[in-house]
Amino acid sequence: GTYCGYSAVQLARACPGRRILSLEADPVVATIARSLIAHAGLAHIVDVRVGHSEDILPHLRELPNACRPPFNLVFFDQRGSRYTDDLNILEQLDALAPNATIVADNVLKPGAPAFLWRVIRGGDFKTEVLSVQEYAMPGVEDWMSVSVRIANPPEGGSNGSTVPPMPADVKRLEREADWIRSRAEQRPGVDF
C-alpha cells in the first residue's frame, strides 16, 4: 500500500532516473499520498494507482510505458497474506527483471509466513531477513525480507515451481497473521 507516500518518496529520491509505481486500495489515502508526493516535487516520477493489487497487477502491461514492467525492485507493504499471490502474478506476467529485488515489510508482525516459505524454499531467490524496529513503536521488533531473484536458478528452482509443500504449521501461522492483521485494523489495534 502507498499509505501517505513516504516509501514512494524515499525510493524516488534514492533511485534517480527511475519511475515508481505505487498501489493504494483506499482512494482517500491515495489522494493524500498524491498531494504529499506532489509537494515533494516528485509527481512526475511517482504514479499512484488506486485499487487492490489483485485487480491492478494483471493489467500492468496496459500502463503508460514509463511504468510498465519489467521491474527491478518491488516493495511489498500491504496485507502480508497477499505477498505470495502478488509475487506469483508478477512472475506469471514475466514482470520481474532477471535480478529483481523483492523487499517485503512486516514479515514478522503481523507476518507473512507463506511468503517467507516461498522466497526461502523456492530456489529462485536469495533471501535475507533483517530485524528492524517497528515504525512508531519503540522497542518493538519486526522483520523485512530482501529477496534477490536468481537470474539463472539452479535446476529445479524456477518461478517457485519447486517450492516444497507448505507445512501445516506455516499455514496455521498464515491464518494467525491474518487474524492479527484484521484486529490491528480495528480500534484500539494490537499491542505487539
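How do the residues of the lining of the second largest pocket divide into nonpolar, polar and charged? Keep that in mind as you open this predicted model.

**Stop 1: the pocket.** Select V107, L108, P110, G111, A112, P113, L116, W143, L173, E176, A177 and I180. These residues line the second largest pocket. Helix 5 (107-111), helix 6 (113-121) and helix 7 (168-184) each give two or more residues to this lining. The count is 10 nonpolar, 1 polar and 1 charged. The space inside is about 160 Å³.

**Stop 2: a link across the chain.** Stay with helix 7 and pick D178. Its side chain meets that of R79 in a salt bridge, 3.3 Å from N to O. R79 sits in the loop between strand 3 (71-76) and helix 4 (83-92), and the two partners are 99 residues apart. R79 counts as partly exposed because its relative accessibility is 30%. D178, at 23%, is partly exposed too.

Stop 3: Now select D86 and R82. Their closest N and O atoms are 2.6 Å apart, and the two form a salt bridge. D86 has a relative accessible area of 0%, so it is buried. R82 is buried as well, at 16%.

**Stop 4: another buried pair.** Move to D124 and R118. Their side chains meet in a salt bridge, 2.9 Å from N to O. Both residues are buried.

**Last look.** Zoom out to the whole model. The salt bridges number 9 in total.

Definitions and conventions: Residues are numbered from 1 along each chain as its sequence is written. This is a predicted model: local features need pLDDT of at least 70, side-chain atom pairs count only at pLDDT 80 or more; totals for chains, interfaces and linings use all residues. Side-chain values use heavy atoms; hydrogens and water are left out. On a 1 Å grid over the protein atoms alone, a cavity is a set of points where a 1.4 Å probe fits but cannot get out, and a pocket is an open set with protein on both sides within 12 Å along at least five of seven lines; lining residues have an atom within 4 Å of a point. Grid points are joined across faces, edges and corners, and a volume is the space filled by probe spheres set on the points. Helices (H or I, at least four residues) and strands (E, at least two) are DSSP runs, numbered from the N terminus. Ala, Val, Leu, Ile, Met, Phe, Trp, Tyr, Cys and Pro count as nonpolar, Asp, Glu, Lys and Arg as charged, and the others, Gly among them, as polar. A salt bridge is a side-chain nitrogen of Lys or Arg within 4 Å of a carboxyl oxygen of Asp or Glu. Buried means under 20% relative accessible area, exposed over 50%, partly exposed in between (1.4 Å probe, protein chains only).
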